[in-house]
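Look at the model below and follow the text through it.

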Amino acid sequence: MNITQQIIASAQKTINIEQAAIANLSSLIDEEFAQAVQAIYSSKGRVVITGIGKSAIIAQKIVATLNSTGTPALFMHAADAIHGDLGSILIDDIVICISKSGTTPEIKALVPLIKKTKNTLIAITSNKTSFLGNEADYVLHAFVKEEACPNNLAPTTSTTAQLVIGDAVAVALLDLRGFTEKDFAKYHPGGALGKRLYLTVQDICATHQNPAVTPDASIKEVIVEISKKRLGVTAVVLNGVIQGIITDGDLRRMLAKNDSLEGLTAQQIMSENPKTVNHTAMAIAAKDILEEHNISQLLVVKDGNYAGVVHIHDLIKEGIA
């Protein structure tokens, strides 16, 4: 076996081991899991998630997922908790402690302190009969047969299982809360993801001058308007109502067909019934229309009247297309 084959075989083995462990988790979801989720859902406090080592990193990711889906959460490192951070836990908070073995020294020191404050304790562990498993009010069983590490030492499969259990909790809570796309947008206002959820067509087209000519405009006037507004298109408008559209492609085809431009008007070369989108539509909806019809521009309408242009380049610039 050469080095390339060795690498491929190692990667495939890792994926197969972790895939089998994840598939097995489904059979471990039981009434106790449901009760734990209900306890979080009914709580007036936050979810405080703690762990040590690689489990602490997984805890931080689960915290981020909960916060972004409507469940207030914060991370508390298990080692720091016993040196002052325990004070961040409030009376109504629920604590989730993540540990594969459930027997690490930091966990053994922390758990009695949490029990003393009478906060509900949820364990995510591979060992239900461990110290953590026995002390927790609810146990979410993240059992793994083996790590993907050939020495069965480096946390690999176990941390993947913890992450999947955390996602299962977050999504179950999301479902209970009836969390919608609008709620998601509220928590994700930045970046391309947020823009897909809140950016509307009018937000984009408002940045443009609206290219428009009347049906009787000359070809020279059409060319000047398209060149001036720099969108490669102009609407043909009469009394505010769209009559058609002329693109730079239409101009090229016209020039190929006609030896003389004298007497030609916008109405004679425009395309009737152009694709349009309402100004209140989501920008992502405009993208779908552009892709469906393989076009670069859409005319925007507001209350039945012409309101501007949205161009594929606008969507690319915003990170949507």
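The crossing of α3 and α7 is right-handed, meaning that the near helix is turned clockwise from the far one by less than a right angle. Helices here are DSSP runs of H or I with at least four residues, and strands are runs of E with at least two, numbered from the N terminus. The model is predicted: local features need pLDDT of at least 70, side-chain atom pairs count only at pLDDT 80 or more, and totals for chains, interfaces and linings use all residues. Residues are numbered from 1 along each chain as its sequence is written, and side-chain values use heavy atoms, leaving out hydrogens and water.

Helix α3 covers residues 54–68 and helix α7 residues 157–177; they pack at about 20°, with axes 10 Å apart. Axes are lines fitted to C-alpha atoms, for helices over the stretch in contact, and angles run from 0 to 180 degrees between N-to-C directions. The angle makes α3 roughly parallel to α7 (under 35 degrees). Contact (heavy atoms within 4.5 Å) involves residues including I58 and I62 of α3 and L163 and A170 of α7.

Now turn to the sheet. Three strands form an open sheet in the order β10-β11-β12, with mixed pairing; two strands pair if DSSP finds at least two bridges between them. β10 (276–278) and β12 (305–311) are at the edges with a single partner strand each, so one side of each has no neighbour in the sheet. Strand β11 (residues 297–302) pairs with β12 in the antiparallel sense over six bridges, and V301 stands opposite Y306 in β12. Helix α14 (residues 283–293) lies across β10, β11 and β12, at about 135° to β11.

Terms used. Parallel < 35°, antiparallel > 145°, perpendicular 65-115°, else oblique.
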